[in-house]
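User: I'd like to learn how to read a protein model, one feature at a time. Can we start with charged pairs and then move on to the inside?

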Amino acid sequence: MIFSGDSEHYWELPVEQINRRRRQEALQETDWTQTLDAPLSDGLKATYQEYRQALRDITQHKSWPELDEDDWPTLEE
């Protein structure tokens, strides 16, 4: 995932800040799924809700902020 609109080089940032930005981008990319008129079934909307909650909870992960790629939640559509 690339941080949009950044003038900084993300690899020069502390790992916690990088991971918080990554989480924020993932949440922003799925904001549309939670609107009342989102063209999604109730089941798919719930899947997105679970994914977004897992993103919010990532800071509670035992390895935070030193996460491996496998530690990040994935979206199972």
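**Reading the charged pairs and the core**

Analyst: Let's start with R52 and D31, whose side chains meet in a salt bridge (3.1 Å, N to O). That term means a side-chain nitrogen of Lys or Arg within 4 Å of a carboxyl oxygen of Asp or Glu. The pair links distant parts of the chain, with R52 in helix α2 and D31 in the loop between α1 and α2, 21 residues apart. Helices here are DSSP runs (H or I, at least four residues), as strands are (E, at least two), numbered from the N terminus. Keep in mind that this is a predicted model: local features need pLDDT of at least 70, side-chain atom pairs count only at pLDDT 80 or more, and totals for chains, interfaces and linings use all residues. Residues are numbered from 1 along each chain as its sequence is written, and side-chain values use heavy atoms, leaving out hydrogens and water.

User: How many salt bridges does the structure hold?

Analyst: Three. One of them joins R22 and E69, with the closest N and O atoms 2.6 Å apart. R22 lies in helix α1 and E69 in the segment after α2, so this pair ties together parts that are 47 residues apart in sequence. E69 counts as exposed, at 55% relative accessibility. R20 and E16 also meet in a salt bridge, at 3.1 Å from N to O. Those two are four residues apart in helix α1, so about one helical turn separates them. R20 is partly exposed at 35%, and E16 is partly exposed too, at 34%.

User: Where does the charged end of R22 sit?

Analyst: For a charge to sit over a ring, NZ of Lys or CZ of Arg must be within 6 Å of the ring centre and within 35 degrees of the ring normal. The charged end of R22 sits over the ring of W72, 4.2 Å from its centre.

User: Which residues make up the largest nonpolar core?

Analyst: In soluble globular proteins, nonpolar side chains tend to be buried together. A nonpolar core is a set of buried Ala, Val, Leu, Ile, Met, Phe, Trp, Tyr and Cys residues joined through side-chain atoms within 4.5 Å. The largest one here has eight residues: A26, L27, Y51, L55, I58, W64, L67 and W72. Helices α1 and α2 each supply at least two residues of this core.

User: What is L55 in contact with?

Analyst: Contact means heavy atoms within 4.5 Å. Leaving aside neighbours within four places in sequence, L55 is in contact with R23, A26, L27, W72 and P73. L55 is in helix α2 and counts as buried because its relative accessibility is 1%.

User: Where does T33 lie?

Analyst: T33 is in the loop between α1 (15-29) and α2 (42-56). At 0% relative accessibility, T33 counts as buried. Beyond four places in sequence, T33 is in contact with A38, L40, K45, Y48 and R52.

Definitions and conventions:
Buried means under 20% relative accessible area, exposed over 50%, partly exposed in between (1.4 Å probe, protein chains only).
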